[in-house]
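Subject: Handing over a structure, with notes on what was found

Hello,

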Amino acid sequence: MADNCNFNTRLKPAQFKRLLTEVRSCRICEAHLPNPPRPVLRASPTASLLIVGQAPGRRVHESGIPWNDPSGDLLREWLRLERDDFYDERRIAIIPVGFCYPGTGDSGDLPPRPECAPHWHPRLRALLPAIRLTLLVGSYAQGYYLGARRKKTLAETVRARSEYLPEFFPLPHPSPRNRRWMKNNAWFEREVLPQLRKRVKACLRPESPALSSEQVKSAA
């Protein structure tokens, strides 16, 4: 994947706005959804952190606000981010694998619709040139972005996070349904969360302005 740290200052905000309007009007999987499509995402070309989850749940579908549920509360706790900071789209882009609520099955929400990410993510990522770090929250996000690089289990993928850094940081999904996973993998809170918070803090820190050629010469 291309280097995401080089910010293209020539990018026109209107171009990105048009794409978001197109995404929010998407109907490609309408026939498979339990409700009328309501794509949920937040992003800006200036964002330096990208959070990729799975798909909106029922509560998120109703509010139109990503991670506006108990899973989001825990994710913000993991990241040590206040709600206002988390939803500052100038700094943080939130783009799930599936943009619409897929409905509920026997054991929870259904998987994200498979049409969504291949159709929209490459176009969105192409217009997010300032991203320094992408959090892959849950197995669906890891499956799409890591592909064959993903390990056999989610726990193994998270343990092997150094193999995917500095571009990607894999995480379990912070759903209340995953409490048993958290209990069985106590190393996550002990080892992963401190590293995660450090990475996120550095990612959101404003970059120092580049030195001009005259400043470089004078410093030599």
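**What was found**

W67 lies in the loop between helix 2 (58-63) and helix 3, where helices (H or I, at least four residues) and strands (E, at least two) are DSSP runs, numbered from the N terminus. Before going further, please keep in mind that this is a predicted model, in which local features need pLDDT of at least 70 and side-chain atom pairs count only at pLDDT 80 or more, while totals for chains, interfaces and linings use all residues. Residues are numbered from 1 along each chain as its sequence is written, and side-chain values use heavy atoms, with hydrogens and water left out.

To return to W67, this residue has a positive phi of about 60 degrees although it is not a glycine. W67 is also buried, with a relative accessible area of 9%; buried means under 20% relative accessible area, exposed means over 50%, and partly exposed covers what is in between (1.4 Å probe, protein chains only). R80 likewise has a positive phi, near 55 degrees, and is a residue other than glycine. R80 is found in the loop between helix 3 and helix 4 (83-86), and at 64% relative accessibility R80 counts as exposed.

As for the protein overall, it has 10 helices and six strands, and of its 220 residues 46% count as buried. Among the contacts with a separation of 6 or more, 72% come from residues 24 or more positions apart, where contact means heavy atoms within 4.5 Å.

The next part concerns aromatic rings. Rings of Phe, Tyr and Trp (its six-membered ring) pair if their centres lie within 6.5 Å, and planes under 30 degrees apart count as stacked, over 60 as edge-to-face and the rest as tilted. By this rule the count comes to six aromatic pairs. One of them is formed by W78 and F188, which are edge-to-face at 4.9 Å centre to centre, with 65 degrees between the planes. Because W78 lies in helix 3 (residues 70-79) and F188 in helix 9 (residues 187-204), this pair ties together parts that are 110 residues apart in sequence. W78 is buried, with a relative accessible area of 4%, and F188, at 2% relative accessibility, counts as buried as well. The rings of W181 and W187 have their centres 6.0 Å apart and their planes at 65 degrees, so that pair is edge-to-face. Both partners are buried, W181 with a relative accessible area of 19% and W187 at 6%. Ring pairs link W78, W181, W187 and F188 into a cluster.

Some rings also have a charge over them, which is counted if NZ of Lys or CZ of Arg is within 6 Å of the ring centre and within 35 degrees of the ring normal. R159 lies over the face of W187, at 4.0 Å from the ring centre, and the charged end of R76 sits over the ring of F86, 5.0 Å from its centre.

How do helix 3 and helix 9 cross? Their axes come within 8 Å and cross at roughly 75 degrees, the axes being lines fitted to C-alpha atoms, for helices over the stretch in contact, with angles that run from 0 to 180 degrees between N-to-C directions. That makes helix 3 roughly perpendicular to helix 9, since angles under 35 degrees count as roughly parallel, over 145 as roughly antiparallel, 65 to 115 as roughly perpendicular and the rest as oblique. In this contact, E77, W78 and L79 of helix 3 meet F188, L193, L196, R197 and V200 of helix 9. By class, the contact has six nonpolar, no polar and two charged residues, where Ala, Val, Leu, Ile, Met, Phe, Trp, Tyr, Cys and Pro count as nonpolar, Asp, Glu, Lys and Arg as charged, and the others, Gly among them, as polar.

Finally, here are some single sites to look up. The peptide bond from L165 to P166 is cis, with omega near 10 degrees, and P166 is found in the loop between helix 7 (154-159) and strand 6 (168-171). H61, found in helix 2, counts as buried at 14% relative accessibility.

Best wishes
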